[in-house]
Amino acid sequence: DPTVPEERIAYALAVRRRRFEHGLVEVEPAVLTALDRLRAAGVRTGLVSDAGYDDVEAWPRSPLRERLDAVVFSFEAGERKPSPGIYERALRCVGVSPDAALFVVSGADDIDRPVSLLWRECAAVGMPRAVAVTHLDQPRADFATTIDVCRRTFGDAQATHWPVVEG
């Protein structure tokens, strides 16, 4: 829209960059603890993200970087989710076959159409799947509603609570 002032565009861009930087650098301690425990147990981990180049400018400072065995950003891979190729690349990078991998979706905010497509793509290549529901301590979070949405979206979802504790 040519009527939007340049200052407003610059401000929106700065806010967006700060949001991505915060997400990459200020990672919740419970997430880092969980990744550390997985690594200590010999579990290899990877991340597939549709992030663009400018979305990951803070990646070199992220504590996730040293905790993941493989990271595939779509701007580097040349394809986006739910393309099977991006997952196949991540599996090669981690060094596991689909049947030895677990696809985890964060359901903290919403289980939307792209997540359902990803779920089916992973099923097609024989990858076990799980939905990790995070941030249940937030005021808007509702475990029962989230499980209901998962069951409607994915079929017979089984609810399991895995508390993540520090220390």
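Colleague: How accessible is F75?
Modeller: F75 counts as partly exposed, at 33% relative accessibility. Buried means under 20% relative accessible area, exposed over 50%, and partly exposed in between, with a 1.4 Å probe and protein chains only.

Colleague: What kind of model is this?
Modeller: It is a predicted model, in which local features need pLDDT of at least 70 and side-chain atom pairs count only at pLDDT 80 or more, while totals for chains, interfaces and linings use all residues. Residues are numbered from 1 along each chain as its sequence is written, and side-chain values use heavy atoms, without hydrogens and water.

Colleague: How many aromatic pairs are there?
Modeller: The search of the whole structure finds three aromatic pairs. Rings of Phe, Tyr and Trp (its six-membered ring) pair if their centres lie within 6.5 Å; planes under 30 degrees apart are stacked, over 60 edge-to-face and the rest tilted.

Colleague: How do W59 and F73 pair?
Modeller: The pair of W59 and F73 is edge-to-face, with 5.5 Å from centre to centre and 90 degrees between the planes. W59 lies in the loop between β1 and β2, whereas F73 is in strand β2, so this pair ties together parts that are 14 residues apart in sequence.

Colleague: Are W59 and F73 buried or exposed?
Modeller: Both W59 and F73 are buried. For F73, the relative accessible area is 6%.

Colleague: And what does F73 do with F75?
Modeller: F73 and F75 form a stacked aromatic pair, 6.0 Å centre to centre, with 15 degrees between the planes. Ring pairs link Y53, W59, F73 and F75 into a cluster.

Colleague: New topic: how many helices and strands does the protein chain have?
Modeller: The protein chain has six helices and four strands. Helices (H or I, at least four residues) and strands (E, at least two) are DSSP runs, numbered from the N terminus.

Colleague: Which pattern do they follow along the sequence?
Modeller: Read along the sequence, the pattern is α-α-β-β-α-α-β-α-β-α.

Colleague: How much of the chain is buried?
Modeller: Of the 167 residues of the protein chain, 28% count as buried.

Colleague: Which residues make up the largest nonpolar core?
Modeller: That core has twelve residues: V48, V72, A77, I86, Y87, A90, L91, A101, F103, L118, C122 and M127. A nonpolar core is a set of buried Ala, Val, Leu, Ile, Met, Phe, Trp, Tyr and Cys residues joined through side-chain atoms within 4.5 Å.

Colleague: Which elements give two or more residues to this core?
Modeller: Those elements are α4 and α5 (113–124). The largest share, four residues, comes from α4.

Colleague: What else is buried in α4?
Modeller: In helix α4 (residues 84–94), the buried residues are G85, I86, Y87, A90, L91 and V94. After α4 comes G95, whose phi is positive, near 85 degrees.

Colleague: What is V72 in contact with?
Modeller: Leaving aside neighbours within four places in sequence, V72 is in contact (heavy atoms within 4.5 Å) with L47, V48, S49, A77, I86, R89 and A90. Another core, of eleven residues, lies apart from the largest one, and V27, A51, L68 and F73 are among its members.

Colleague: Switching to charges, how many salt bridges are found?
Modeller: There are nine salt bridges in the whole structure, each being a side-chain nitrogen of Lys or Arg within 4 Å of a carboxyl oxygen of Asp or Glu.

Colleague: Which residue forms a salt bridge with E21?
Modeller: The partner of E21 is R61, and their closest N and O atoms are 2.1 Å apart. E21 is in helix α1 (residues 6–25) and R61 in the loop between β1 (46–49) and β2 (70–73), 40 residues apart, and the pair links distant parts of the chain.

Colleague: How accessible is E21, and how accessible is R61?
Modeller: E21 is partly exposed, with a relative accessible area of 32%. R61 is partly exposed at 48% relative accessibility.

Colleague: What about R39 and D69?
Modeller: Their side chains meet in a salt bridge of 2.8 Å, N to O. R39 lies in helix α2 (residues 29–40) and D69 in the loop between β1 and β2, so the pair ties together parts that are 30 residues apart in sequence.

Colleague: What is R67 paired with?
Modeller: R67 forms a salt bridge with E66, with 3.7 Å between the closest N and O atoms. R67 counts as buried at 16% relative accessibility, whereas E66 counts as exposed at 57%.
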